[in-house]
Amino acid sequence: MASETVVLEDQETIADLTTFLSRARSIEDGAVMMHAAGNALALYVPVLYPEFLGNAVPTVLGMRAVRLSEPAKTQGVYAISALTDRLARMGEELRELSMPPAEVKASWTGQQVPRGGWEFKEAMDDGKLLNEALRGMNVVAQALPENAGGPVLKTVRARIWSTQMEGVDTPMPLAMAFGAHALGFLRAGEPSALYSSGQWLRLSSGGGHMVARQGGVLG
């Protein structure tokens, strides 16, 4: 039977989730996919994904995992705003997070991230990932016309973040570096590790993981 609530480990975990979801909303104020199994809760948020079937844009998601103080089993897709509202109302004593009453639909949640079979590809310096993220952000800013509307902004971002990151042996979308920076996963002076499983890539950093399903320029 699915759990209607999860009990977070401590107040530090609540603060961590609040920060993570706030960062995710700055990228896209949309949905978060949650999956709890045992004493672990994984949350996935979108960084880049195709807008329609056949679009060559890769799917790039940020993933943060936290510990639960009690075992739970649940899975759902909810508005990020609904979860941040609940976290804000928990106060200093409560650690029980209730699932929102209604789920939402998001096209990117149809992708199934592999649970295993990950093969190490290469190590990456977090400083290099940060530099690539900042380079991409600068390219986006320069490519945007004045007073660009939402559709133009999405088109420009999709084109640039889909391009291959420079200076790496394994083809990976620049959106993975951007997401790792924007979601606060990178740690100064520390390395990240890149893995692959089938058509998927995973960038594991000190603060979380980026996963991407290869497509478009990544073949």
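This is a predicted model: local features need pLDDT of at least 70, side-chain atom pairs count only at pLDDT 80 or more; totals for chains, interfaces and linings use all residues.
Which residues of α1 are buried?

Helix α1 runs from residue 11 to residue 27 and holds 17 residues. From its first C-alpha to its last it reaches 25 Å, close to the 24 Å expected at 1.5 Å a residue. Its buried residues are Thr13, Ile14, Leu17, Phe20, Leu21, Ala24 and Ile27. Around the axis they cover an arc of only 135°, which places them on the same side of α1. Glu12 and Ser26, by contrast, are exposed and sit on the face turned away from that buried side. The cover over the buried residues of α1 includes two strands, β2 (31-48) and β3 (59-79), together with the helices α2 (80-88), α4 (150-161) and α5 (174-182). At the start of α1, the backbone nitrogen of Glu12 has a side-chain oxygen of Asp10 within 3.3 Å.

Turning to the chain as a whole, five helices and eight strands are present, arranged along the sequence as β-α-β-β-α-β-β-α-α-α-β-β-β. The C-alpha trace spans about 45 × 40 × 35 Å along its principal axes. A compact globule of 219 residues would have a radius of gyration near 17 Å, and the chain agrees with this at 17 Å. Of the 219 residues, 46% count as buried. Among contacts with a separation of 6 or more, 68% come from residues 24 or more positions apart.

Note on methods. Residues are numbered from 1 along each chain as its sequence is written. Side-chain values use heavy atoms; hydrogens and water are left out. Helices (H or I, at least four residues) and strands (E, at least two) are DSSP runs, numbered from the N terminus. The expected span of a helix is 1.5 Å times one less than its number of residues. Buried means under 20% relative accessible area, exposed over 50%, partly exposed in between (1.4 Å probe, protein chains only). The arc is that of the directions from the helix axis to the C-beta atoms. Contact means heavy atoms within 4.5 Å. A polar contact is a pair of N or O atoms within 3.5 Å; within protein, one must be able to donate a hydrogen and the other to accept it, and residues adjacent in sequence count only if both atoms are side-chain atoms. The radius of gyration is taken over C-alpha atoms; the globule rule is 2.2 Å times the number of residues to the power 0.38.
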